Amino acid sequence: MKIPNINIKKIENLLKEDKRLDGRKPFDYRDIIIESGISNNAEGSSRVRIGKTEVIVGVKMAIQEPYPDHEDEGTMMVGMEFNPICDERYEAGPPKINAIEVARVVDRGIRESKVIDFKKLCIKEGEKVWCVMIDIYCINDDGNVFDASALGAITALRVAKMPVYDEKTEKVKFGEFTKNPLPLTENITFSMTFYKIKDKFIIDPNRDEEDTSEARITIAISCPKKDKIINAMQKGGITPILTDDLNKIVLESEKVYEAVYPNLNKKIEGLK
Amino acid sequence: MTTQKTERRLVVPGETIVSDDDKLPGDFTIKQGKDIIANRYGLVDDSARIIKIIPISGVFEPRRGNTVIGRVKDINFSGWNIEIGGPYGAFLPLSECPRFINRNDIAEFANIGDVMNAKIWGIKKGGIDLTLKSRGLGKLEGGRIIKINPHKVPRVIGKEGSMINLIKNSTNTEITVGQNGYIWIKGSEEGEKKAEQAIKLVVEEAISSGLTEKIEKFLGGKK
């Protein structure tokens with residue numbers, strides 16, 4: 001069943017006083033649980049739960065020919081699927097527009113932050129490079145799949161180990177891993193998505209709040225040294241976001257990053 | 001059901017419930033040779049000769065006489081198309097509405113997105129027919145809708161409404177439970193939140209014993 005009008009009204013009215021249905025403040029996250037080592041065959045894998053939302057992310061690596069304009073750089077692909085198990089609104093079949101959108105937003109955050117050192121993923125210039133494939137599967141959709149997917153992807157990348165490459169046969173020995181992690185830089189991104197409901201903004205909506213909102217903006221922030229860098233910004237939805245609002249969001253995103261990220265970072269470090 | 005002292009066995013599909021020639025298969029069970037095998041995930045009721053399963057998961061299966069909460073999906077010339085969260089669509093004809101409604105302005109009574117408390121009066125091949133001609137039925141205004149698993153509804157209501165009355169009285173809210181798992185809560189903001197938490201707790205702990213005491217403790221403890 002789609003969201004009824006009375007729930008929309010309720011959410012909008014409560015938000016006028018900066019309140020939410022489950023008692024959180026507008027910029028509070030639900031409990032975040034991160035696990036790793038979900039898949040034995042993947043180079044790196046993770047499961048992220050934000051409240052009841054749950055995604056599983058796997059990182060696989062393969063050998064590929066480089067693109068002609070980046071002959072000494074590895075490549076990256078992000079795939080996303082909503083299974084029918086995660087919500088009644090999704091059907092089986094190839095990824096639809098909403099799944100592709102999540103994949104692209106996650107891809108943008110990782111690619112633009114340059115967290116993967118693509119130069120180090122080159123095996124032989126112009127002929128062989130590593131291809132990093134990030135696959136995201138939504139297990140349960142209770143809102144805010146964007147942030148869960150981005151967090152899962154970055155966790156899977158950070159816990160991943162390079163597979164064994166046999167130089168004689170020039171093939172990958174799948175199932176065997178070296179002890180080397182992926183070549184990652186310090187620009188580790190964290191994405192947060194702000195949802196617009198009427199004139200107010202909230203973070204980490206649940207199902208009903210996500211259905212009520214009409215626009216959203218995803219901001220990926222990394223903090224390599226002292227200063228925070230905005231790596232990527234993506235807007236979705238139908239209503240516009242005003243310039244003043246955007247300035248406020250950017251300032252707010254810095255606060256949210258400081259409040260949420262250090263704890264998560266510690267957790268992910270512990271998983272390695 | 002809630003007050004029964006004997007612990008009920010939990011079975012999964014394919015599990016042999018009992019191997020006895022005298023017993024007969026009931027709801028959601030099949031007989032293979034001597035064995036009675038479960039078809040659904042649920043609790044076994046083997047008090048009588050017929051063995052049946054009370055399922056605790058799965059989709060809503062509409063039955064005649066069920067009171068359901070549905071959302072208006074579409075309006076046409078003769079009534080409202082209503083989603084009731086099951087595998088079939090439902091239809092509420094204008095003639096089944098107790099109030100006079102102008103045929104040219106059906107949306108005045110209930111527009112797309114509004115929720116109604118209706119009763120199933122017929123299930124046909126093409127769909128489900130609803131009616132509003134009974135006490136307590138009609139459009140729901142204010143409050144909020146939450147969803148639970150339809151098979152947990154008997155637990156939320158309790159024996160002769162004991163559980164739901166307990167929640168209603170201690171949170172000062174109005175609650176309507178649809179057999180399809182949608183629940184409408186209306187009251188003060190705090191009361192609504194409390195009632196929702198209590199209902200979610202009932203659903204989570206549905207198969208544990210001493211449920212009423214737990215809920216009483218929850219509602220009393222945080223008042």
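Trainee: How confident is the predictor in chain B, on average and by residue?

Mentor: This is a predicted model, so confidence comes before geometry. Chain B has an average pLDDT of 86. A score of at least 70 is reached by 96% of the residues. For the model, ipTM is 0.81 and pTM is 0.85.

Trainee: What does chain B contain, in helices and strands?

Mentor: Chain B has four helices and 16 strands. Its C-alpha atoms fill a box of roughly 65 × 50 × 25 Å along the principal axes. Of its 223 residues, 31% are buried. Now take the contacts in chain B between residues at least 6 apart in sequence. Of these, 56% join residues at least 24 apart.

Trainee: Which residues have the most contacts inside the largest nonpolar core?

Mentor: General idea first. In soluble globular proteins, nonpolar side chains tend to be buried together. Here, the largest nonpolar core has 39 residues. I82(B), V156(B), I175(B), I183(B) and I199(B) have the most contacts inside it. Domain 2 (67-140) and domain 3 (144-221) of chain B each supply at least three residues to this core. A second, separate core has 36 residues, including V55(A), V129(A), V145(A) and L157(A).

Trainee: What is I199(B) in contact with, leaving aside neighbours within four places in sequence?

Mentor: Its partners are I146(B), I148(B), V156(B), I167(B) and I183(B). I199(B) is also one of the buried residues of α3(B).

Trainee: How far apart are the end C-alpha atoms of helix α3 of chain B?

Mentor: Helix α3 of chain B covers residues 189-204, 16 residues in total. At 1.5 Å a residue, the helix should span 22 Å. Its end C-alpha atoms are 23 Å apart, so the two values agree.

Trainee: Where is D27(B)?

Mentor: D27(B) is in the loop between β3 (24-25) and β4 (29-32) of chain B. Not counting residues up to four places away in sequence, D27(B) touches K52(B) and I53(B). From D27(B) to S188(B) is 161 residues in sequence and 41 Å in space, C-alpha to C-alpha.

Trainee: How many residues of chain A are in contact with chain B?

Mentor: Eight residues of chain A are in contact with 14 residues of chain B. On the chain A side, three are nonpolar, three polar and two charged.

Methods: Residues are numbered from 1 along each chain as its sequence is written. Chains are lettered from A and ligands numbered from 1 in the order in which they are written. This is a predicted model: local features need pLDDT of at least 70, side-chain atom pairs count only at pLDDT 80 or more; totals for chains, interfaces and linings use all residues. A nonpolar core is a set of buried Ala, Val, Leu, Ile, Met, Phe, Trp, Tyr and Cys residues joined through C-beta atoms within 7 Å. A residue is buried if 20 or more other C-beta atoms lie within 10 Å of its own, exposed if 12 or fewer, and partly exposed in between; C-beta atoms are placed from the backbone. Domain bounds come from an automatic or database domain assignment. Two residues are in contact if their C-beta atoms, placed from the backbone, lie within 7 Å. Ala, Val, Leu, Ile, Met, Phe, Trp, Tyr, Cys and Pro count as nonpolar, Asp, Glu, Lys and Arg as charged, and the others, Gly among them, as polar. pLDDT is the predictor's confidence in each residue, from 0 to 100. Helices (H or I, at least four residues) and strands (E, at least two) are DSSP runs, numbered from the N terminus. The expected span of a helix is 1.5 Å times one less than its number of residues.
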